[in-house]
Amino acid sequence: MAVHRSLVIFAIVAFMAPTISLAMDYVVGDDNGWKLEVNYTDWAKDKQFYVGDTLLFKYNNASHNVYKVTGDDFNSCNVPSNNSLGLFTGNDKINLAAAGKKWYICGVTGHCNQGMKLKITVLDGTAPAPPPNAASTLLAKATNFRIVLGMTLSIAAALIMV
């Protein structure tokens, strides 16, 4: 009986797997990374960030850092006095766990005032599907296969249990 139950659970998971959305990983500044002389407002303006996405701040940790701040601190380039609020590795990953506005600055003296700051809005829900290309067509075929496999296993499991 336990084997039958396992088959049913596997079939349900296989059937549901295609509906799980994939979160996006964003490298802040793309190839430029997190540094001076990059317009992060322009970088973020055409992007939609969703709960579950991640931001990756890549930078020279001898020259920069990242602080998550409030909107007021962002506007005034006020660096928190508590260093535990900062990130300092040069390869910092931030999970966007909640919807709302998010603000990030470099805490090195003068860098925020020189434009090293990022403001984004994180949306609730899932991202829309990207336009099809060769890779997504292949993924769609694999997804369709998983759907057919899941349905087949579900029917087989149901027949075995009868």
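**Cores and sheets**

Guide: Let's begin inside. This is a predicted model. Its largest nonpolar core has 20 residues. Trp34, Phe49, Leu55, Phe57 and Leu118 have the most contacts inside that core.

Visitor: Which elements give two or more residues to this core?
Guide: They are α2 (40-45), β3 and β8.

Visitor: New topic. How many helices and strands are there?
Guide: The protein has 4 helices and 8 strands. From the N terminus on, the elements run α-β-α-β-β-β-α-β-β-β-β-α.

Visitor: Which strands form the open sheet?
Guide: 3 strands form it, in the order β1-β3-β6. The pairing is mixed.

Visitor: Why is one side of β1 and of β6 left without a neighbour in the sheet?
Guide: β1 (25-27) and β6 (91-95) stand at the edges. Each has a single partner strand, so one side of each has no neighbour in the sheet. Neighbouring strands here are turned by 20 degrees against each other on average, direction ignored.

Visitor: And in which sense do β3 and β6 pair?
Guide: Strand β3 (residues 54-58) pairs with β6 in the antiparallel sense, over 5 bridges.

Visitor: What about β7? Which strand does β7 pair with over 6 bridges?
Guide: That is β8 (residues 117-123), and the sense is antiparallel. In that pairing, Gly100 has Val122 in β8 as its bridge partner. β7 (residues 100-105) also pairs with β4 (residues 66-69), in the antiparallel sense over 3 bridges. There, Lys68 stands opposite Tyr104 in β7.

Visitor: Now the whole protein. What share of its residues count as buried?
Guide: 31% of the 162 residues do. The accessible surface comes to about 10,300 Å². Carbon and sulfur atoms hold 60% of that surface.

Visitor: Last one, on contacts. Of those between residues at least 6 apart in sequence, what share join residues at least 24 apart?
Guide: The share is 74%.

Definitions and conventions. Residues are numbered from 1 along each chain as its sequence is written. This is a predicted model: local features need pLDDT of at least 70, side-chain atom pairs count only at pLDDT 80 or more; totals for chains, interfaces and linings use all residues. Side-chain values use heavy atoms; hydrogens and water are left out. Two strands pair if DSSP finds at least two bridges between them. Axes are lines fitted to C-alpha atoms, for helices over the stretch in contact, and angles run from 0 to 180 degrees between N-to-C directions. A nonpolar core is a set of buried Ala, Val, Leu, Ile, Met, Phe, Trp, Tyr and Cys residues joined through side-chain atoms within 4.5 Å. Buried means under 20% relative accessible area, exposed over 50%, partly exposed in between (1.4 Å probe, protein chains only). Contact means heavy atoms within 4.5 Å. Accessible areas come from the Shrake-Rupley method with a 1.4 Å probe; for residues, only the protein chains shown count as cover.
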